Each structure stands twice: as C-alpha cells, then as structure tokens.
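Visitor: I would like to learn how to read a model of this kind, starting with confidence. Please take the features one at a time.

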Amino acid sequence: MLQIKDLSVKYDNIQVLHGISMDIQDGELVALIGANGAGKTTALTTISGVKRSFGGEIVYNGKNITKASTDEIVRLGVVQVPEGRQIFSKMTIEENLILGAYTESDSARQKANMERGFEMFPILRERKKQLAGTLSGGEQQMLAIARALMSNPKLLLLDEPSMGLSPLMTEQVFDAIVTLNESGTTILLVEQNAFDALEISGRAYVMENGVITREGKSSDLMEDPAIKRAYLGGD
Amino acid sequence: MSFNYILGQLINGIKLGSIYAIIAIGYSMVYGILRLINFAHGDLLTVGVYTMLVLMGFSGLPIWLVILAGCIVSIMVGMTMERLVYRPLRGSGEETTLISSLAVSVFLQNLISMIFTPQKKAFHLPDFLTVNHSLGPVSLSTINILTMISIVVILIALTLLLKKTKIGMAMRACSDNLAASQLMGIKINNVVVVAFVIGSGLAALTGVMLAGEYKTIEPLMGFVPGLKAFCAAVLGGIGSLNGAVLGGFIIGIAEVLFAGLMPSDITPYRDAFIFFLLIVVLLVKPNGILGSSEGGRS
Amino acid sequence: MKYRENAAVRFVCFVLLPLLILIYSAINRGHYYSDLICLFGIHLILATSLNLVNGFSGMFSMGHAAFMAVGAYTSALLTISETQKARISGLPEWFQKFTLPFPLALLCAGLVAALLALLIGFPVLRLKSHYLSVATLGLIVIVRAFLDNEDQFTNGARGITGLPSYSTIFSVFLTGLILLYIMYRLIRCSSYGRGLIAMRDDDVAAQTLGVRIVTKKISIFCLSAFAAGIGGALWGHLQTVISGQFFYFTDSFEIVEMSIIGGMYSLSGGIVGALVMTFLPEILAPLETGIMIGGFQLPELYGASNLIMAVFLILLIIFRRQGILGDSEIIVESIFSKSTYTGIFKAETYRKLVDITKAKLTGKKKEKTAK
C-alpha cells in the first residue's frame, strides 16, 4: 500500500532522515518506534507532504506522492493524526469533525462518518456543542482520531497518540486503534511507548538517529534482548 | 457642554470607528491566519483611492463603477503582494514577515508618489454623496450614513461567511491551528488568498469613506489609519471578527471624544493617547478584549 | 584577553585611523562628501544599537527614532547659544545661560534616552513579539506629539535651529568606535552577551539556567537607547536643525532597514547596513531629479530611490533572510593574519578561535603557577 524508499529529509543544514525505507501492506497495523528525536515525526510529516524530502520517494498504491501537496495526499486517503493532537480549540467538537471531512463533499457520507466517530467515542456526542479546547487531554486525542476518520482514510498515520495520557486513557485509545484496524483501516503508528505499540501492532520498525535499525514482526522484536534493553526497560 | 454636543461627538466617533473597524477586519483576518502584521494593508486603501481618482477623470463613469474598480485594483495589488512577497516568506518568523510588509508599504507609498507626485490632490465625490442631512441634533453626509450602514452589512455578511460556508470554516480553522488545517486537506494558499481579497477590497472601500471625509488624498494617507486599525484589531482581540469591530469603535470613539472633550492644549495628543491606550490594554488584558488564547505578554 | 584587545587595537590602528585621517585631511569639514561620511558614521551607531536589541535579545523594537529624537533635543538644549535659547519660552532662567561642552552634552543625550528607555521599558518589554513592535511604534507617536506640542521646551513643530555643528568625521567616528567597542565586548566577549543570546534563542531555557530575563531585557534596551540617543545628538549637530518630523516612522524604518540589510544577528552587520543605506540612496538620487540615460531624458521620479531600496530589501529578505553578514562578524585581525580566511568569519569559527585562545591562556597560567 505504501512504499518508502531511501527517504532523506533535512531541516536547513541538519539531516534528520538518512535514507529510510519502509513497506506497509494493505490492512496492516505497523508500529514505528524509537527514542525522542529519532526522526519519527519527521517521517510522518514527510509522508503527509508537509515536510519535503530531498532524496528518495514515497509511493502510495502505485502512485508517486513524493511531491504531492498535503491536500492531494489527504484526498487520496492518507490522513495524519498529528503529535500533540492539534485540535481546533476555539471551535466546537462538531465543527472540528466537519473540518475533518473537508475533502469529503458527500454530505450523507459525512453524517455517517460523524455517527461512526460518536459511536466509537460517545463522550464526543455528549459534548458536541462544546469548544474543543475545554476537553481533557484524552478526550482531545479521541476527537483528533474521530476527526481524521471523517475523511474516510485508507491509511491512518498516528503520531504519539499516547502522549500525555494516563495509562487508563492510553488503553482506551489503543483499543480504539485496534478496532479501527480490524475494521479495515491500515495504520502506521508512531510511538515512544514501545511496549504498548509492539503489543498491538503486527509488524514494527525501529528508528535510531534517522536510520531504520531493525524491522520485523512485533512479537519477535519484543523478545529481542537489544530492543528490550533499549526500549522496554529491564532485560 | 450640551447634551447635543456630546451626542454629536459620539456620532462622529462612531463614524470614524466604522472606518477603523472595516480596515481592522482585513488586518485581523490576515493576522489570524498568517500571524503577519501587514503594514502595507493601509496602503492598499491608498491604492484604491488613487485608482478611483484616475477613473473619476473620465467623466460619465457612474460612481459605483469607479468605486468597484478601485476595490478590484486594490484586491489585485493585495493578491500580488501576497503571491510575490508573503508566500515565499511564509513560516520564516515573525520579524521577517513584519519587515517585509514594511518594505512593501514603503514600496507602495513611493510608487504612488512617483506616479502622482507626493502633493495632496483634491478628491471630489459626487454631490449626492457629500450632501449633509440633518438628523435631529447631528448632521451627516450620505457617505457617512452609508459608512455606518456598511459596517453592519459587512459584519453580518462576514459572520455568515465564517459560520456557514466551507471556505469560512476553513478560514476559522486556519486561524485556530494552521498546521492542523493543512493536515485536514485544506489548501492554505486558497484560504490566505481569500483573506487578502476580503481585506484589500474592504480597505479600498474605507478609502472612499476617508477621502470623502477629508476631500483630499495623498500617498501616505493610508499608513496611520492602517496603524490605528491594527491597534483596534489588537485591542479587540486579534483574529476575532467581532473583536476587530469592537476595537475599531472603541478607538474611533475614544479618539473623537479625546479631541472633542479634553482641554485644547491636550487635544494634539490624540494619536499618542490611542497608542497609550493600546499599551495599557495589552498589559492588563494581553489578548485584547474579546481575544482568547495566544497571549501578547511573555 | 589580549587576543581580543589586539583585534580592536589593530582595527583602529591599521584601518580606521589611517582611513579617517586620509579623508579628514583630504576634504574640509562641511563639504558635501564629508557630511555624507559623517552621516554614515551616525547610521553605523544607530544600526548597531538597534542590532543590540533586535538581533541579540529576541525583542523587536521599531521605535529607535524616539530615542534619537530625545538625544538630539537634549544635546541641542545643552549646547545652543543664549540667543537661540531665548526663543524657547519655557526654559528656566538658570538654564538660559547653561551650556555644556560637546562630549558631556553627548553623554547627557545618551543618558536621557536611556532613562526614557528605562521608564517605558518596564511596561512595554513585557509584551511579546509583534505587540512589542507595535508598542515601540506607539512610542514614536507619543514622543512626536510631545515634541510638537510642548512649545515651552521644544519650540514646538518649528523645532530648534542653530545647533553648533560639532559633528565632524573625527568626533562622529571616535564616538562610534567607542560605542562599537563597548557593544562588541559586551555581546561577543562576556557572559552577559552569552546570556543575552541564550535568552534570544529560548527565554524559558535561559531562565532555568539563571539568566535574569527582565534585568537583561531592560538593560540591553537602555544600552541600545543610550547609543541611539548619542546617534540622534550627533545627527542634530550634523544637520544643525532639528524638529519632530525628522524623527518619525520613515526615519525609524530606515534604521530597521539598515539593521536587516546588514544582518541583525551581527554587530558588524550594522556597519554594512549603514554603508548600503547611506551610499546607495546617494547613487540613486539622480533618478529623483530626472537624468539622461542613453540619450533619453527620464522624468523626475519622486520616490524612485526609496522604491528601489524597498525592492532591494524585499529581495534580500526573500533570498538572504539573515542579511548580508548573517551572524558573522567582521574581524579585522583576520585581514592581517596569514590565515586563508577572508575578513569575514563565521561566528562559529570565531567562537572556536576564542576557545583556542582561552585554552592557550589558561595553559600559560598553569605553566606560570607550575614555575
């Protein structure tokens, strides 16, 4: 579904991605784990077309999207839930969701998607007229996911959904991610919280200093002593 | 000091306030989305007015057509500066864009001086627009009345645009969180262009109102009203439509009342007073009166 | 320590002094070109002083004309003759006969400007980014209103005439050199300067490292105003006529432009900016009066020079955002040393050099103590 080949990205003169390659198949839930500053978020923003690469290419369903603009990429069905949630805090929850469907012109489908989001996170329905900025961190994360679903994504890019959430909330959000994947949405999950990410994903990539150092089945990686030591704590 | 005098001053304040409010709307829209103080915004007003001056030279053109043409030219100049200067600089830091807008302002002022000479020129609107009507204790010209009506119309129209239309929603989203808006698939460039179009058009419209009031125009005429309109936008809470209008009225009324009610040796300080007011408000309420987050104070 | 002093000493000895003496002896004072060179010197002081705030403190002030004005008026009132003073109605009697020698008047000009900066600094510097810039613009308006309306002290919009023409190439550049040297030492060679740059890059982080944000902001603002006040005074003594209209938006923006063109993250950027902004308009000036190009008589293009400057500035901002020098400093030492570098060093290289020198010096100390 998504092939990344030798992707290289830099900020001004500092190169942060040194030719990473990834391959995501239809229906997979793939995790991308790594320490702070490894370049995970940069990889996602480059896929979304916000950040430009200077080398390598990104191919989505056989189409080269390396130079495509963000709105084209969203229209193709690749949608990102950004780090730190990034909801529209001065707008209501309902308006946030409507904006999520910005590329979706069919109003019936828009309604259906909103309904799906409300079913997934009932708290959002209760508060749909409330300003999004008044929600708690976990609720905001739910809103961010529900908002991304509004445009019927085929590939969902999740950036640190557990960031700043309580363990209980994290579990809820991760459950929702699994449900989404089971219902057919392909997901690329970027996480620092390596243990949880490896637990729910089928396959995973490990990133260090802008390079993919390991890849494989998540269950294998979890057993790997080096990974255990570096990311999971203990041995 | 009679009641009628104060009432008259108040009406004058509302008149001036409407002008500031309309310019402030444009300022606020652009700032809300790009965090750019477009110093050249006031000069768009000048561009519009000079275009109208040229067209009025051709007798026979109806005045509404002249004004419309002025607005269109102003919009085109606004779009051009966005495309050529602000777009390449987007995301390059607040100071950089601030300076670039200053440079654009200097450019426009001098371009106009070069074409039309820096001297003041007479600007005569048709009589039916400048004729005075006395309404009870106050007397207002047609254009004054139109100014006050237009602010109401503009406010309603823009509120509908922002609340009900897709592009309006996108504009609000961009001004709330530009990065997230992009990830929603909103074409930022389109939204920015719309903001510039609305802002430039409104600026040219206020140009007619100012020129009609003073009966003369000059190449620098837009700068100071533009600056005060920016103060108005900040005062009301920048990025907010209602805030811009409220701020415009507060500044307009404060300015007129200051000039009209204070002892005559203080009245020359009216511009100084406006900025003083702005600084005080920013210190007490850093986000302006109707502003929400994003503080002006560190 | 010695290394840096050497740089400054050599700068003065080998470049500026000979140059100045040469120019000074070649042209008489009051001559058009010598005035232009004085103007360059004054611009240099103003632009550098603005860089101090805008480039190194993370604040963006646009109100330097206000400090210039205050400096110019202070120095004017302290130096004009009794007959000139008699025209200004509100001066107290003792002041009528009171005059100061030029250097002291300059010092007072700087101090009064710094005092103003201190007064308005406390409220205004709490504002953030854009709002601070607008507030400093407001300061210009407020100062202008004061100058135009407080007739008894400022002679109103008529301004003050008959300032002694004290500004010569010698006095301007001597003052400029002293100020530049102080600023340079402070920014590039002291913990104060490093704290300042830390604050510019990340004020919260700097605060956690013990940088006193408020004190730093106020002090650098005052210092900058001090230099701008002196610059304004020198300007007044060059033109010999001052009034509020000379210290308004256009003039303030001109200083901002200089600072941006040269590179506001570099003190020597002020020099380059001043150079461009002083001489380029002179070169372009003929356009304004109409010139012949290839047999064509161009019409008078009023504002053409400003227009071209504006385009130049826009292009510069788009294609070289950091200004001509970026964050490099001109280090004169390197002009004379055998190193392969040109006169312009990357700031980074400079820092490395300082570190090496420091290491050498501490090494020597250790040797001494060992003996």
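Guide: This is a predicted model. pLDDT is the predictor's confidence in each residue, on a scale from 0 to 100. Over residues 334-346 of chain C, pLDDT stays under 50. For that stretch the model has 16 contacts beyond four places in sequence.

Visitor: In chain C, where is confidence lowest and where is it highest?

Guide: The lowest mean, 44, belongs to strand E4 (residues 344-345) of chain C, and the highest, 94, to helix H3 (residues 64-79) of chain C. Residues 1-5 of chain C also have pLDDT below 50, with 3 contacts beyond near neighbours in sequence. For chain C the mean is 79, and 78% of its residues reach 70 or more. The scores for the model are ipTM 0.86 and pTM 0.84.

Visitor: How many residues does each side bring to the contact of chain B with chain C?

Guide: Chain B brings 39 residues and chain C brings 36. On the chain B side, helix H4 (94-116), helix H10 (223-236) and helix H12 (270-284) each supply at least two residues. H4(B) gives the most, with 15 residues. By class, that side has 26 nonpolar, 9 polar and 4 charged residues.

Visitor: Why do strands E2 and E5 of chain A each have one side without a neighbour in the sheet?

Guide: The open, antiparallel sheet of chain A has 4 strands in the order E2-E1-E4-E5. Strand E2 (14-24) and strand E5 (63-64) of chain A stand at the edges with a single partner strand each, so one side of each lacks a neighbour in the sheet. E2(A) pairs with strand E1 (residues 2-11) of chain A over 8 bridges.

Technical notes. Residues are numbered from 1 along each chain as its sequence is written. Chains are lettered from A and ligands numbered from 1 in the order in which they are written. This is a predicted model: local features need pLDDT of at least 70, side-chain atom pairs count only at pLDDT 80 or more; totals for chains, interfaces and linings use all residues. Two residues are in contact if their C-beta atoms, placed from the backbone, lie within 7 Å. Ala, Val, Leu, Ile, Met, Phe, Trp, Tyr, Cys and Pro count as nonpolar, Asp, Glu, Lys and Arg as charged, and the others, Gly among them, as polar. Two strands pair if DSSP finds at least two bridges between them.
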